[in-house]
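I opened this notebook to record what I looked up in one structure. The entries below follow the order of my reading.

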Amino acid sequence: MTDPSPRSKAAPIYLGFGSNMWKQQVKTRCHTSKYLGIARLPGYRWFIAAQGGANIAKGSDADEVWGLAYALQPEDEAELDVIERVPVHFTKDILQAQLWEPAADGKPADPAQAHRTVEVLVYISHERTAIGKPRDEYVIRMNHAIPDALSSGVPPAYIENVLRKWIPSGHGESVKGIS
């Protein structure tokens, strides 16, 4: 569902499901963002759109999208709006997700433990659903994002069965502007 009404003053929880699982990229883009944990969108599927980047769409009950959740301040959200080219390329939807926070001892979130249901902000294109190949620079950024996702607790089976179907490994070169 598209977000037609203003949200509360609380910082929105943003779900990065593509290259924004790369924590350094998010920190560079959203200076005041705070990592919250891992999140899962049940009933959605992840794919590379014809434009060469990640998108999600409603799928079957068996589908799921995992990502990293961040608290965003208004200036962070405004910056992401520009980067994601809202409303031309993506729209902003508020969806129900399951959130697992990291353990108090600093260990990664554990999907085998209890989660809470939260509303998350996602950038999604309902029109750009044609399947494509990832852009070379996107493969590089995703190969930085995938280790962050794994070390944060995203299930390895999701990485192998979903992300690696689209993103080949071994392209870890630097990306201009992100070190």
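**Entry 1. Ground rules**

I noted that this is a predicted model, in which local features need pLDDT of at least 70 and side-chain atom pairs count only at pLDDT 80 or more, while totals for chains, interfaces and linings use all residues. Residues are numbered from 1 along each chain as its sequence is written, and side-chain values use heavy atoms, with hydrogens and water left out.

**Entry 2. The largest pocket**

I began with empty space. Rolling a probe the size of a water molecule over the atoms shows where such space is left. On a 1 Å grid over the protein atoms alone, a pocket is an open set of points where a 1.4 Å probe fits, with protein on both sides within 12 Å along at least five of seven lines; lining residues have an atom within 4 Å of a point. A volume is the space filled by probe spheres set on the points, which are joined across faces, edges and corners.

I found that the largest pocket holds about 390 Å³ of space. It is lined by 26 residues, and Gly53, Ala54, Glu84, Phe90 and Tyr138 are the closest to its centre.

Helices (H or I, at least four residues) and strands (E, at least two) are DSSP runs, numbered from the N terminus. E1 gives the most, with three residues.

By class, the lining of the largest pocket has 10 nonpolar, 10 polar and six charged residues. Here Ala, Val, Leu, Ile, Met, Phe, Trp, Tyr, Cys and Pro count as nonpolar, Asp, Glu, Lys and Arg as charged, and the others, Gly among them, as polar.

**Entry 3. The second largest pocket**

The second largest pocket holds about 200 Å³. Of its 14 lining residues, I listed Trp46, Asp63, Asn161, Val162 and Lys165 as the closest to the centre. Strand E3 (44–48) and helix H4 (156–166) give two or more residues to this lining, and H4 has the largest share, with six. I recorded nine nonpolar, one polar and four charged residues in the lining of the second largest pocket.

**Entry 4. The annotated active site**

I consulted the UniProt record, an unreviewed entry, which places the feature "active site" at Glu84. UniProt positions are given in the numbering used here, feature names are shortened, and annotations may be inferred rather than shown by experiment.

Glu84 lies in the loop between helix H2 (74–83) and strand E6 (91–100). Is Glu84 buried or exposed? Glu84 counts as buried because its relative accessibility is 14%; buried means under 20% relative accessible area, exposed over 50%, and partly exposed in between (1.4 Å probe, protein chains only). Beyond its neighbours within four places in sequence, Glu84 is in contact (heavy atoms within 4.5 Å) with Asn20, Arg29, His89, Phe90 and Tyr123.

**Entry 5. The annotated binding site**

For "binding site", the unreviewed UniProt entry lists Tyr14, Leu15, Gly16, Phe17, Gly18 and Ser19. I checked these residues against the largest pocket, and its lining includes Tyr14, Leu15, Gly16, Phe17, Gly18 and Ser19.

Leu15 lies in strand E1 and is buried, at 0% relative accessibility. Gly18 sits in the loop between E1 and H1 and is buried as well, with a relative accessible area of 7%. With residues up to four places away left aside, Gly18 is in contact with Trp46, Ala54, Tyr138, Met142 and Ala145.

**Entry 6. Aromatic rings**

I found four aromatic pairs in the whole structure. Rings of Phe, Tyr and Trp (its six-membered ring) pair if their centres lie within 6.5 Å; planes under 30 degrees apart count as stacked, over 60 as edge-to-face and the rest as tilted.

Tyr14 and Tyr70 are stacked, at 6.2 Å centre to centre with 25° between the planes. Tyr14 is in strand E1 and Tyr70 in strand E5 (residues 64–71), 56 residues apart. Both Tyr14 and Tyr70 are buried.

Tyr14 also forms an edge-to-face pair with Tyr123, at 5.8 Å and 70°. Tyr14 lies in E1 and Tyr123 in E7, so this pair ties together parts that are 109 residues apart in sequence. Ring pairs link Tyr14, Tyr35, Tyr70 and Tyr123 into a cluster.

**Entry 7. Glu119**

Last, I looked up Glu119, which is found in strand E7. Glu119 counts as partly exposed, at 49% relative accessibility. Its C-alpha atom is separated by 8.3 Å from that of Pro12, 107 residues apart along the chain.
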